[in-house]
Amino acid sequence: MSSRRHGSQSLQRLLGHWQETASRIPLWRQLASALRLLILDGRLALDSRLPGERELAAVLNVSRTTIASALAQLREEGYLESRQGSGSRVILPEHIHRVPTRTSTSMALDLSTAALSAGPEIHQAYHQALCAMPQHLLSSGYLPQGLLSLRETIAGHYCERGLPTHPDEIMVVNGAVSGLALILRLLTGPGDRVVVDHPTYPLAIAAIQGASCRPVGVSLPEQGWDTAGLVATIAQTSPRMAYLMPDFHNPTGRCMDDATRQTVADIAAKTRTTLVVDETMVNLWFDAPPPPPLPCYNADAPIIMLGSAGKSFWGGLRLGWVRASSRTIAALVQTRDTFDLGSPVLEQLATAWLIENAGTFLPERRQQLARRRALCGELMRTHFPEWTFSQPAGGLSFWVELPDTLATQFATHAESAGIQLGTGTRFGLAGAFDRFLRMPFTHPDDTLRAAFSTLQPLWDGLRFQTGVGKMRKII
């Protein structure tokens with residue numbers, strides 16, 4: 001089987017600012033560490049091929065010996081497989097726990113994922129679901145649109161938020177990303193453009209590119225959304241659809257206000273551009289709930305909504321839903337058999353119970369997150385005074401700006417200490433945002449304190465190596 005080949009320019013953008021000129025670490029080791037991080041992050045896809053040594057040396061402006069030594073190190077660790085005349089292919093070690101990365105250390109900690117562990121309500125939801133299962137066992141269990149009882153519950157949730165919804169306008173899917181992939185399959189073709197916020201959710205980028213579409217970014221300003229930029233981008237690129245996350249945007253945590261929602265909905269109606277609105281974070285607000293859903297602002301706007309149980313309840317549920325017109329839902333149901341035959345009945349029953357009882361546990365969950373947000377902000381001010389960040393209105397993480405393009409280098413150092421960081425480049429196109437980190441506040445207090453204590457000397461060492469010494473004021 002032939003594998004996809006990474007272009008040298010593309011790889012250069014993914015690597016970002018990987019060189020530490022003042023470091024005593026040999027250049028080839030720095031390059032090997034940066035490439036290893038790209039593989040572990042998933043930004044270098046498995047089974048893809050790297051450019052040749054001569055080509056890489058030219059584009060990275062290093063010697064061919066440096067390239068050869070770095071690739072040889074990765075081959076020895078089991079991250080590359082090379083064959084004469086075929087180049088180097090990206091793989092994972094068969095025994096990755098033996099390789100000196102975060103997964104082999106006693107302090108292994110993932111700060112690249114923003115998600116909460118399950119609360120006691122998850123066990124209760126599954127208990128209730130098991131009790132309700134017998135009546136469903138006489139059916140085949142194949143429900144491409146989802147259980148009617150769950151669709152009724154989800155529809156009722158939208159009605160409570162001011163958006164009248166019928167169960168026929170709901171389709172249950174295996175998570176929001178699965179729903180996005182299904183929508184892409186229905187509405188787009190190879191080469192079509194899809195407008196996205198920039199930065200945006202990395203798995204949305206992966207889904208768009210996986211559908212052979214081209215994501216086109218509209219940069220987010222310091223605050224709010226650039227609606228003028230959205231209009232211009234739609235006019236210039238004629239996209240098939242746009243993917244937006246107005247409710248506690250991932251990774252920035254910002255929430256779209258009423259006026260902007262009205263403008264965006266009007267843009268969609270006027271240009272007939274389908275908006276796919278991801279509401280994964282909608283329940284994770286701290287000070288005030290978000291405004292009504294986008295379709296409330298213009299009934300003529302072609303808007304498809306995505307929801308998910310993963311962030312509000314527990315990622316292990318792997319259940320989401322699509323809200324659209326009944327005609328669109330019918331088309332998605334017809335398309336679904338190219339993906340799967342439906343979502344698990346047990347998880348649907350558990351999710352229905354969680355939505356119906358969310359008022360008894362979500363307020364406490366939000367309070368817990370608000371406390372952890374405050375602690376995480378305090379720790380960053382103490383340990384990393386050069387970092388700049390704003391208080392997120394909701395969601396699960398901070399979007400942190402570093403004083404220079406140091407995210408990839410810092411993440412490489414952290415990886416060696418057993419901590420994986422979410423570099424900004426994961427949330428951008430073509431290697432953008434190498435001066436940003438997404439820092440989740442979902443871990444317990446002691447875990448956050450230990451993580452920042454471990455990261456501080458690594459950051460201080462990198463800061464002095466690169467000459468970054470000026471203090472930055474925290475917003």
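Start by selecting Phe384, Trp387, Phe410, Phe452 and Trp459: ring pairs link these residues into a cluster. Rings of Phe, Tyr and Trp (its six-membered ring) pair if their centres lie within 6.5 Å; planes under 30 degrees apart are stacked, over 60 edge-to-face, and the rest tilted.

This is a predicted model, where local features need pLDDT of at least 70 and side-chain atom pairs count only at pLDDT 80 or more, while totals for chains, interfaces and linings use all residues. Residues are numbered from 1 along each chain as its sequence is written, and side-chain values use heavy atoms, without hydrogens and water.

The count is 13 aromatic pairs. Zoom in on Trp387 and Phe410, an edge-to-face pair with 6.0 Å centre to centre and 70° between the planes. Trp387 sits in the loop between α13 (362–383) and β11 (388–389) and Phe410 in helix α14 (residues 407–416), so the pair ties together parts 23 residues apart in sequence. Helices (H or I, at least four residues) and strands (E, at least two) are DSSP runs, numbered from the N terminus.

Phe410 and Trp459 are both buried (under 20% relative accessible area; exposed is over 50%, partly exposed in between; 1.4 Å probe, protein chains only).

Now move to the largest nonpolar core. Of its 49 residues, Leu150, Leu275, Phe313 and Leu354 touch the most other members. Such a core is a set of buried Ala, Val, Leu, Ile, Met, Phe, Trp, Tyr and Cys residues joined through side-chain atoms within 4.5 Å. Helix α12 (residues 345–356) gives the largest share, seven residues.

Finally, a second, separate core of 37 residues includes Phe384, Val400, Leu421 and Trp459.
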